[in-house]
Amino acid sequence: MGWPCPGCGLGLACAALLRGEVGRALRLHAFAPVVLAGMGVLFAGCVLPEPKRAALLSAVAKGEERTRCAAAFAVAILIYWVVRLGLDGPHFLPLRN
C-alpha cells in the first residue's frame with residue numbers, strides 16, 4: 001500500500017460538483033471548485049477568437065505575476081494533503097484504487 005497523491009479524489013469531486021452535488025464534492029476534495037475554475041479558463045483560452053484569447057492570456061499572466069497564485073495553489077494543496085492524511089486518513093486512503 002502506498003500513499004495517496006495530493007489530488008486523490010479530485011476527479012470524483014469535480015464530477016460531483018458538475019452534477020450539482022456540492023457537499024459531496026467538497027467532502028471528496030476541497031480544491032474541486034478551484035480546479036474547475038482553472039479548467040474553465042483553460043477551455044475559454046482554447047475556444048476564444050485570437051484577440052480575446054490574447055487579452056485573456058495577458059490578464060492571466062498579470063494576475064499570476066501579482067499574486068503568484070500557481071505557487072500558492074501548490075503550497076495550499078500540499079498543506080491540505082498533509083492535514084487530510086492526518087485528520088481523515090481512514091476515509092482518505094480508501095479513495096485509492
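The model is predicted: local features need pLDDT of at least 70, side-chain atom pairs count only at pLDDT 80 or more, and totals for chains, interfaces and linings use all residues. Residues are numbered from 1 along each chain as its sequence is written, and side-chain values use heavy atoms, without hydrogens and water.

Helices are DSSP runs (H or I, at least four residues), numbered from the N terminus.

| Helix | Residues in the contact (heavy atoms within 4.5 Å) |
|---|---|
| α1 | Leu-10, Ala-13, Cys-14, Leu-17, Leu-18 |
| α3 | Ala-32, Pro-33, Val-35, Leu-36 |

The residues of this contact are nine nonpolar, no polar and no charged (Ala, Val, Leu, Ile, Met, Phe, Trp, Tyr, Cys and Pro count as nonpolar, Asp, Glu, Lys and Arg as charged, the others, Gly among them, as polar). Helix α1 (residues 10-18) packs on helix α3 (residues 32-47) at about 75°, with axes 9 Å apart; axes are lines fitted to C-alpha atoms over the stretch in contact, and angles run from 0 to 180 degrees between N-to-C directions. The two helices, α1 and α3, are therefore roughly perpendicular (65 to 115 degrees).

Arg-68, in the loop between α4 (50-67) and α5, has a positive phi of about 55° although it is not a glycine.

Terms used: Parallel < 35°, antiparallel > 145°, perpendicular 65-115°, else oblique.
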